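Please keep the structure open beside you as you read.

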Amino acid sequence: MNLATAFSGPSQAAYLRTLPAIRERCSNVHAMAQQGKLEYFDYSPDRESSVVNYCLEIMKRDFPAADGGVDFASIPPHGRWRHLDAGKSRIAPLMAKWDEEPGSPVSEKEKCKRLIDLFLVSVLLDAGAGNQWVYNESDGESYSRSEGLAVATVHMFDQGLFSGSPVAQPHRVDAQGLSQIDESRIASAMQVSDINPMVGLSGRTSLLVNLKTALESNPRFFGSDARPGNIIDFLESESKLDGSSLRVHISSLWGVLLEGLASIWPARYSIGGVHLGDVWPCSALATDGQSEGDNFVPFHKLTGWITYSLIEPMEKILKWRFDGIEDMTGLPEYRNGGLLVDFGVLTLKPGLKALANAGGVPCLPPSHGAVVEWRAMTVIELDRIADGIRRQVGVNSYDLTLAQVLESATWKGGREIAKRLRPLTGGPPIEIESDGTVF
């Protein structure tokens, strides 16, 4: 069923905020690519096999099986947890502190709430930091980009920066704590300076400030103490008991995040007064006489990244199970998308090449039509690459999930090929002018 045919006006806005809409609209863009009708890229599906082979080699290297293949069972899902533990374990020692707290033992539910608090703010702070910024830990190790932002967030959380009770209960995020946040505090905590500049500092600070308002405005989801971790209580009410564990549909979690956090995103496009978030018009889908929003493509990348990241602690700690995971898509960001350009699956047309900077790389805002096409193609190509890997090794989507492919292959592969082809920066083949609220 084509869900879009059932919607117009406010219903169109609601549709564009659903999970199925992402894959459906991106599929429409992909269909135009197959006809050679994209404005900014040529599509070469014959190059997909090279990406599949490259990804498989990375998986064999990092998750080797005794027979020389891939140990699929050992691949974790894509999520913020790995970045928070970059270089060494940080989450386990943090949880060990909770077991040593005086008084009543910290329940598994409260532990999970604390991790959701941490993971959510960490993802909100995860938009690209640029090529120059690094975070230095006290042991002398340095981390950049996504891992650097994650490591910095762990330390900010441990110090009580996001808590309204930083001494009594530092390990939480709540509206009272976020009310104390400003750009200078974030800059100091993230070691930002003239010689260590960060892209999008103002934008990511605004997300945290706006998060305070969102938490306070949605007690149904975030409770009377306005805390991200309280979504567990709401999701419990939406769950079904299956034996000794709870089953929750992914649409419940997605709905909480889309509705509950809607006010934190900058106002961009809207339909019927409803702000759409990470949703953009695509010229390849524009036709005469179409209804408002028919040419829009939703991505909701940061919401997707939050969703993947929050599922993991609820599954690990609370033993919950999520249904409908197949509706989740690959993340349309520059590592996954860069892999496609660097392997020639997508080739820049002359008009886009002409926008290249001195380093030979176009630098574009997220609203640019080329970025919209690139991201839409990335969503569908990630599905195709995952299917290609499964076919080659003879497994199904239960043995190797899309989340595992993102974690073990495409995101990492995009970073590694970028470093090989552009060793001075390690940046993607198309730079994004990040404001800290999309990528």
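A residue is called buried when its relative accessible area is under 20%, exposed when over 50%, and partly exposed in between. Please also keep in mind that this is a predicted model.

With that cut-off in hand, let us turn to Ala 226. Ala 226 sits in the loop between α11 (219-222) and α12 (231-237). Although it is not a glycine, Ala 226 has a positive phi of about 50°. Its relative accessibility is 5%, so Ala 226 counts as buried.

Gln 191 also has a positive phi, near 60°, and is a residue other than glycine. You will find Gln 191 in the loop between α9 (183-189) and α10 (201-217). Is Gln 191 buried or partly exposed? With a relative accessible area of 28%, Gln 191 is partly exposed.

## A buried glutamate in a loop

Glu 137 is another loop residue to look at, placed between β2 (134-136) and β3 (142-144). Its relative accessible area is 7%, so Glu 137 is buried.

Which residues does Glu 137 touch, not counting those up to four places away in sequence? They are Lys 88, Arg 90, Tyr 143, Val 151 and His 155.

## The three-stranded sheet

Now for the sheet. It is an open sheet of 3 strands in the order β4-β5-β10, and its pairing is mixed. The edge strands, each pairing on one side only, are β4 (240-242) and β10 (321-323). From one strand to the next, the twist averages 40°.

How do β4 and β5 pair? They pair in the antiparallel sense, over 3 bridges. Asp 242 has Ser 245 in β5 as its bridge partner. The hairpin of β4 and β5 has 2 residues between the strands, and in this hairpin Gly 243 takes a positive phi near 70°.

On the other pairing, β5 (residues 245-249) and β10 run parallel and are joined by 3 bridges. Here Arg 247 stands opposite Arg 321 in β10. Helix α13 (residues 250-260) packs on the sheet, where it touches β5 and β10. The direction of α13 makes about 60° with that of β5.

Leaving out residues up to four places away in sequence, Leu 246 touches Glu 236, Ser 239, Lys 240, Leu 241, Trp 320 and Arg 321. One of these pairs spans a stretch of sequence: Leu 246 and Trp 320 are 74 residues apart in sequence, yet 5.0 Å apart in space, C-alpha to C-alpha.

## Helix α17

Helix α17 (residues 369-393) has 25 residues. From its first C-alpha to its last, α17 reaches 36 Å, close to the 36 Å expected at 1.5 Å a residue.

How much of α17 is covered? The helix is mostly covered, with 19 of its 25 residues buried. Just after α17 comes Gly 394, which takes a positive phi of about 75°.

## The cavities

The structure also holds 2 cavities of 30 Å³ or more. The largest cavity has a volume of about 200 Å³. Its lining is made of 18 residues, of which Asp 126, Ser 146, Lys 301, Glu 333 and Trp 411 lie nearest its centre.

The elements that give two or more residues to the lining of the largest cavity are α7 (145-158), α14, α15 (334-342) and α18. Within this lining, α15 provides the largest share, 3 residues.

Definitions and conventions. Residues are numbered from 1 along each chain as its sequence is written. This is a predicted model: local features need pLDDT of at least 70, side-chain atom pairs count only at pLDDT 80 or more; totals for chains, interfaces and linings use all residues. Side-chain values use heavy atoms; hydrogens and water are left out. Two strands pair if DSSP finds at least two bridges between them. Helices (H or I, at least four residues) and strands (E, at least two) are DSSP runs, numbered from the N terminus. Axes are lines fitted to C-alpha atoms, for helices over the stretch in contact, and angles run from 0 to 180 degrees between N-to-C directions. Contact means heavy atoms within 4.5 Å. The expected span of a helix is 1.5 Å times one less than its number of residues. Buried means under 20% relative accessible area, exposed over 50%, partly exposed in between (1.4 Å probe, protein chains only). On a 1 Å grid over the protein atoms alone, a cavity is a set of points where a 1.4 Å probe fits but cannot get out, and a pocket is an open set with protein on both sides within 12 Å along at least five of seven lines; lining residues have an atom within 4 Å of a point. Grid points are joined across faces, edges and corners, and a volume is the space filled by probe spheres set on the points.
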